[in-house]
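Subject: Structure handover

Hello,

Here is the structure we talked about. Please open it alongside this note, and read on below for what was found.

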Amino acid sequence: MISLKHVVKRYGRIQYGLNEVSFQIYPGEFVFLTGPSGAGKTTLLRLLFREEIATSGEVKVAGHKLNEMPPGEVPVLRRKLGVVFQDFKLIQDLTVFENVAFVLKILGISHIEQRQRSWRTLKMVGLHHKLSSFPRQLSGGEQQRVAIARALVNDPLVLLADEPTGNLDPELSQEIMSLFERINRQGTTVFIATHDRSLMDQMRKRVIGLENGQLAFDEPAPSIAPKMV
Ligand SMILES: Nc1ncnc2c1ncn2[C@@H]1O[C@H](COP(=O)(O)OP(=O)(O)O)[C@@H](O)[C@H]1O
Ligand SMILES: [Mg+2]
(Lines give C-alpha, C1' and ligand atoms only; values in the text may rest on other atoms or scores of the structure.)
(Ligands and ions follow the chains in the order given, each with its own letter.)
Protein backbone atom coordinates (compact mmCIF):
# COMPACT_ATOMS: atom_id res chain seq x y z
CA MET A 1 0.00 0.00 0.00
CA ILE A 2 2.97 2.24 0.78
CA SER A 3 6.41 1.56 -0.64
CA LEU A 4 9.62 3.56 -0.41
CA LYS A 5 12.80 2.61 -2.22
CA HIS A 6 16.03 4.49 -1.52
CA VAL A 7 14.12 7.67 -0.90
CA VAL A 8 16.13 10.84 -0.49
CA LYS A 9 14.61 14.21 0.31
CA ARG A 10 17.08 17.05 0.39
CA TYR A 11 16.31 20.58 1.45
CA GLY A 12 18.68 23.03 -0.18
CA ARG A 13 22.03 21.61 -1.07
CA ILE A 14 23.28 19.85 1.99
CA GLN A 15 20.48 19.45 4.47
CA TYR A 16 18.80 16.05 4.46
CA GLY A 17 15.17 15.58 5.33
CA LEU A 18 15.45 11.87 4.44
CA ASN A 19 18.41 9.82 3.32
CA GLU A 20 18.10 6.44 1.57
CA VAL A 21 14.89 5.32 3.29
CA SER A 22 13.30 2.05 2.13
CA PHE A 23 10.37 0.10 3.60
CA GLN A 24 6.96 -1.28 2.70
CA ILE A 25 3.61 -1.19 4.42
CA TYR A 26 1.04 -3.76 3.32
CA PRO A 27 -2.70 -3.23 2.95
CA GLY A 28 -4.45 -3.35 6.31
CA GLU A 29 -1.35 -2.77 8.44
CA PHE A 30 -1.23 -0.44 11.46
CA VAL A 31 2.22 1.10 11.73
CA PHE A 32 3.83 3.79 13.87
CA LEU A 33 6.58 6.08 12.64
CA THR A 34 8.78 7.40 15.41
CA GLY A 35 12.01 9.22 16.07
CA PRO A 36 13.31 12.35 17.79
CA SER A 37 12.29 15.82 16.70
CA GLY A 38 13.90 16.63 13.35
CA ALA A 39 14.28 12.94 12.42
CA GLY A 40 12.21 13.34 9.25
CA LYS A 41 8.75 12.04 10.26
CA THR A 42 6.78 14.99 8.92
CA THR A 43 8.91 15.06 5.76
CA LEU A 44 8.15 11.39 5.15
CA LEU A 45 4.40 11.80 5.61
CA ARG A 46 4.39 14.84 3.33
CA LEU A 47 5.98 12.74 0.59
CA LEU A 48 3.16 10.21 0.92
CA PHE A 49 0.35 12.63 0.13
CA ARG A 50 2.43 14.40 -2.47
CA GLU A 51 2.84 17.62 -0.58
CA GLU A 52 6.56 17.19 -1.28
CA ILE A 53 8.34 15.28 -4.04
CA ALA A 54 11.33 13.05 -3.30
CA THR A 55 14.69 14.30 -4.53
CA SER A 56 15.46 10.73 -5.62
CA GLY A 57 14.21 7.21 -5.01
CA GLU A 58 10.74 5.78 -5.51
CA VAL A 59 7.58 6.48 -3.52
CA LYS A 60 4.42 4.46 -4.19
CA VAL A 61 1.09 4.91 -2.42
CA ALA A 62 -2.14 3.06 -3.19
CA GLY A 63 -0.90 2.03 -6.62
CA HIS A 64 0.31 5.51 -7.61
CA LYS A 65 3.95 6.19 -8.42
CA LEU A 66 4.34 9.56 -6.82
CA ASN A 67 7.58 10.60 -8.48
CA GLU A 68 6.14 10.53 -11.97
CA MET A 69 2.66 11.60 -11.10
CA PRO A 70 1.22 14.39 -13.25
CA PRO A 71 -0.35 17.17 -11.16
CA GLY A 72 -3.81 16.26 -12.46
CA GLU A 73 -3.60 12.89 -10.76
CA VAL A 74 -2.87 14.32 -7.32
CA PRO A 75 -6.57 14.74 -6.41
CA VAL A 76 -7.18 11.11 -7.38
CA LEU A 77 -4.48 10.03 -4.93
CA ARG A 78 -5.70 12.34 -2.16
CA ARG A 79 -9.25 11.03 -2.44
CA LYS A 80 -7.91 7.67 -1.27
CA LEU A 81 -6.13 9.17 1.72
CA GLY A 82 -7.17 10.66 5.03
CA VAL A 83 -4.61 13.03 6.46
CA VAL A 84 -4.49 14.41 10.00
CA PHE A 85 -2.10 17.37 10.02
CA GLN A 86 -0.03 18.35 13.01
CA ASP A 87 -1.54 21.84 12.95
CA PHE A 88 -5.09 20.59 12.12
CA LYS A 89 -5.63 22.96 9.18
CA LEU A 90 -9.29 23.51 10.02
CA ILE A 91 -11.18 26.17 8.11
CA GLN A 92 -11.80 28.88 10.68
CA ASP A 93 -15.01 30.33 9.26
CA LEU A 94 -16.74 26.97 8.86
CA THR A 95 -18.43 25.16 11.72
CA VAL A 96 -17.29 21.78 13.01
CA PHE A 97 -19.96 20.09 10.93
CA GLU A 98 -19.11 22.08 7.81
CA ASN A 99 -15.40 21.37 8.16
CA VAL A 100 -16.11 17.66 8.00
CA ALA A 101 -18.90 17.77 5.40
CA PHE A 102 -16.75 19.95 3.13
CA VAL A 103 -14.65 16.92 2.13
CA LEU A 104 -17.76 15.14 0.86
CA LYS A 105 -19.17 18.24 -0.78
CA ILE A 106 -16.03 18.54 -2.92
CA LEU A 107 -16.56 14.95 -4.03
CA GLY A 108 -20.08 15.80 -5.16
CA ILE A 109 -21.77 13.55 -2.61
CA SER A 110 -25.47 14.23 -2.06
CA HIS A 111 -26.54 16.64 0.65
CA ILE A 112 -28.33 14.01 2.67
CA GLU A 113 -25.38 11.66 2.58
CA GLN A 114 -23.02 14.48 3.53
CA ARG A 115 -25.15 15.05 6.61
CA GLN A 116 -25.43 11.41 7.57
CA ARG A 117 -21.78 10.57 7.13
CA SER A 118 -20.50 13.75 8.79
CA TRP A 119 -22.77 13.23 11.76
CA ARG A 120 -21.78 9.60 12.13
CA THR A 121 -18.07 10.43 11.98
CA LEU A 122 -18.37 13.30 14.45
CA LYS A 123 -20.25 11.01 16.81
CA MET A 124 -17.42 8.50 16.51
CA VAL A 125 -14.92 11.11 17.75
CA GLY A 126 -17.36 12.29 20.43
CA LEU A 127 -18.05 15.74 19.02
CA HIS A 128 -21.63 15.43 17.81
CA HIS A 129 -22.69 17.95 20.47
CA LYS A 130 -20.41 20.63 18.98
CA LEU A 131 -21.64 20.57 15.39
CA SER A 132 -22.32 24.30 15.20
CA SER A 133 -19.21 25.49 17.02
CA PHE A 134 -16.39 27.21 15.18
CA PRO A 135 -12.82 25.90 15.52
CA ARG A 136 -11.74 28.89 17.66
CA GLN A 137 -14.41 27.98 20.21
CA LEU A 138 -12.89 24.54 20.74
CA SER A 139 -10.01 23.30 22.86
CA GLY A 140 -6.88 21.99 21.17
CA GLY A 141 -7.99 18.42 21.77
CA GLU A 142 -11.42 19.06 20.30
CA GLN A 143 -9.92 20.70 17.21
CA GLN A 144 -7.72 17.66 16.83
CA ARG A 145 -10.77 15.40 16.92
CA VAL A 146 -12.46 17.50 14.22
CA ALA A 147 -9.31 17.07 12.12
CA ILE A 148 -9.49 13.31 12.70
CA ALA A 149 -13.18 13.19 11.79
CA ARG A 150 -12.43 15.08 8.61
CA ALA A 151 -9.71 12.58 7.71
CA LEU A 152 -12.02 9.63 8.31
CA VAL A 153 -15.30 10.82 6.82
CA ASN A 154 -14.48 9.57 3.34
CA ASP A 155 -13.51 6.03 4.47
CA PRO A 156 -9.92 6.39 3.26
CA LEU A 157 -7.81 3.48 2.04
CA VAL A 158 -4.90 4.92 3.98
CA LEU A 159 -4.94 7.12 7.06
CA LEU A 160 -1.84 9.25 7.64
CA ALA A 161 -1.55 11.18 10.89
CA ASP A 162 1.21 13.48 12.12
CA GLU A 163 1.41 13.49 15.94
CA PRO A 164 -2.37 13.09 16.20
CA THR A 165 -2.31 12.86 20.00
CA GLY A 166 0.20 15.65 20.54
CA ASN A 167 -2.34 17.93 22.18
CA LEU A 168 -4.42 15.34 23.97
CA ASP A 169 -4.28 14.07 27.54
CA PRO A 170 -3.41 10.37 27.97
CA GLU A 171 -7.03 9.28 28.32
CA LEU A 172 -8.14 11.01 25.16
CA SER A 173 -5.02 9.79 23.34
CA GLN A 174 -6.07 6.24 24.11
CA GLU A 175 -9.57 6.87 22.87
CA ILE A 176 -8.23 8.26 19.61
CA MET A 177 -5.96 5.24 19.27
CA SER A 178 -8.90 2.89 19.80
CA LEU A 179 -10.70 4.80 17.11
CA PHE A 180 -7.76 4.32 14.74
CA GLU A 181 -7.74 0.61 15.60
CA ARG A 182 -11.41 0.36 14.76
CA ILE A 183 -10.85 2.10 11.44
CA ASN A 184 -7.95 -0.26 10.83
CA ARG A 185 -10.11 -3.31 11.54
CA GLN A 186 -12.50 -2.04 8.88
CA GLY A 187 -9.65 -2.28 6.39
CA THR A 188 -7.95 1.13 6.38
CA THR A 189 -4.15 1.05 6.41
CA VAL A 190 -2.99 3.29 9.27
CA PHE A 191 0.37 5.07 9.48
CA ILE A 192 0.93 7.37 12.44
CA ALA A 193 3.90 9.57 13.31
CA THR A 194 4.37 9.93 17.05
CA HIS A 195 7.11 10.21 19.63
CA ASP A 196 4.86 8.99 22.44
CA ARG A 197 6.71 5.86 23.56
CA SER A 198 4.18 4.80 26.18
CA LEU A 199 1.37 4.97 23.66
CA MET A 200 3.28 2.80 21.19
CA ASP A 201 4.15 0.32 23.95
CA GLN A 202 0.47 -0.04 24.81
CA MET A 203 -0.63 -0.46 21.23
CA ARG A 204 1.81 -3.22 20.34
CA LYS A 205 2.06 -2.50 16.64
CA ARG A 206 4.86 -2.43 14.13
CA VAL A 207 7.15 0.57 14.71
CA ILE A 208 9.41 2.17 12.11
CA GLY A 209 12.08 4.43 13.61
CA LEU A 210 13.86 7.31 11.93
CA GLU A 211 16.99 9.07 13.11
CA ASN A 212 18.66 11.92 11.26
CA GLY A 213 16.59 11.17 8.19
CA GLN A 214 17.63 7.52 8.08
CA LEU A 215 15.81 4.32 8.90
CA ALA A 216 17.04 3.38 12.38
CA PHE A 217 14.84 0.32 13.04
CA ASP A 218 11.73 -1.52 11.91
CA GLU A 219 10.23 -3.58 14.73
CA PRO A 220 7.36 -5.96 13.97
CA ALA A 221 4.34 -5.98 16.27
CA PRO A 222 5.12 -8.06 19.37
CA SER A 223 3.19 -11.29 19.28
CA ILE A 224 3.53 -12.47 22.89
CA ALA A 225 1.46 -11.27 25.84
CA PRO A 226 2.84 -8.20 27.61
CA LYS A 227 4.91 -8.80 30.74
CA MET A 228 3.32 -7.61 33.93
CA VAL A 229 5.49 -5.07 35.73
N1 LIG B 1 10.77 23.05 4.35
C2 LIG B 1 11.96 22.75 4.89
N3 LIG B 1 13.09 23.40 4.52
C4 LIG B 1 14.29 23.08 5.04
N5 LIG B 1 14.48 22.09 5.93
C6 LIG B 1 13.41 21.41 6.33
C7 LIG B 1 12.10 21.67 5.84
N8 LIG B 1 11.23 20.81 6.43
C9 LIG B 1 11.96 20.03 7.24
N10 LIG B 1 13.27 20.39 7.19
C11 LIG B 1 14.37 19.74 7.92
O12 LIG B 1 14.30 18.36 7.70
C13 LIG B 1 14.58 17.63 8.89
C14 LIG B 1 13.43 16.73 9.27
O15 LIG B 1 12.34 17.53 9.69
P16 LIG B 1 10.89 16.94 10.01
O17 LIG B 1 10.51 16.06 8.90
O18 LIG B 1 9.99 18.08 10.31
O19 LIG B 1 11.17 16.08 11.32
P20 LIG B 1 10.19 15.52 12.44
O21 LIG B 1 8.79 15.63 11.93
O22 LIG B 1 10.65 14.14 12.69
O23 LIG B 1 10.39 16.38 13.65
C24 LIG B 1 14.92 18.67 9.93
O25 LIG B 1 16.31 18.83 9.99
C26 LIG B 1 14.24 19.91 9.40
O27 LIG B 1 14.90 21.06 9.87
MG1 LIG C 1 7.12 16.54 12.70
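This is a predicted model: local features need pLDDT of at least 70, side-chain atom pairs count only at pLDDT 80 or more; totals for chains, interfaces and linings use all residues.

Val83 stands opposite Leu160, a residue of strand S7.

S6 and S7 (residues 158-162) are joined by 4 bridges. The two strands run parallel. Helix H5, residues 140-152, packs on the sheet here and touches both S6 and S7. The direction of H5 makes about 170° with that of S6.

Now follow the sheet across. It is open and has 6 strands, in the order S6-S7-S8-S3-S9-S10. The pairing is mixed. Which strands stand at the edges? They are S6 (81-84) and S10 (214-219). Each has a single partner strand, so one side of each is left without a neighbour in the sheet. From one strand to the next, the twist averages 15°.

At the S10 end, the pairing is antiparallel: 5 bridges join S9 (residues 206-211) to S10. Ile208 has Asp218 in S10 as its bridge partner. S9 and S10 form a hairpin, with 2 residues between them. Look at Asn212 in the turn: its phi is positive, at about 50°.

**The four-stranded sheet**

There is also an open sheet of 4 strands. The order is S2-S1-S4-S5, and the pairing is antiparallel. S2 and S5 (64-65) stand at the edges. Each of them has a single partner strand, so one side of each lacks a neighbour in the sheet.

S1 covers residues 2-11 and is joined to S2 by 7 bridges. Within this pair, Ile2 stands opposite Ile25 in S2. Helix H1 packs on this sheet. H1 touches S1, S2 and S4 (56-61), and its direction makes about 120° with that of S1.

**Ligand 1**

Which residues are around ligand 1? They are Tyr11, Gln15, Gly17, Pro36, Ser37, Gly38, Ala39, Gly40, Lys41, Thr42 and Thr43. By class, this shell has 7 polar, 3 nonpolar and 1 charged residues.

- Thr43: an N or O atom in its side chain is 2.6 Å from an oxygen atom of ligand 1.
- Ala39: a polar backbone atom lies 3.2 Å from an oxygen atom of ligand 1.
- Tyr11: a polar side-chain atom is 3.5 Å from a nitrogen atom of ligand 1.

How much of ligand 1 does the protein bury? Taken alone, ligand 1 exposes 560 Å², and the protein buries 62% of that.

The shell also leads back to the four-stranded sheet. Two elements give two or more residues to it: strand S2 (15-25) and helix H1 (41-48). H1 gives the most, with 3 residues. H1 is also the helix that packs on the sheet and touches S2.

Best wishes

Note on methods. Residues are numbered from 1 along each chain as its sequence is written. Chains are lettered from A and ligands numbered from 1 in the order in which they are written. Side-chain values use heavy atoms; hydrogens and water are left out. A residue is near a molecule or strand if one of its heavy atoms lies within 4 Å of it. A polar contact is a pair of N or O atoms within 3.5 Å; within protein, one must be able to donate a hydrogen and the other to accept it, and residues adjacent in sequence count only if both atoms are side-chain atoms. Accessible areas come from the Shrake-Rupley method with a 1.4 Å probe; for residues, only the protein chains shown count as cover. Ala, Val, Leu, Ile, Met, Phe, Trp, Tyr, Cys and Pro count as nonpolar, Asp, Glu, Lys and Arg as charged, and the others, Gly among them, as polar. Two strands pair if DSSP finds at least two bridges between them. Axes are lines fitted to C-alpha atoms, for helices over the stretch in contact, and angles run from 0 to 180 degrees between N-to-C directions. Contact means heavy atoms within 4.5 Å.
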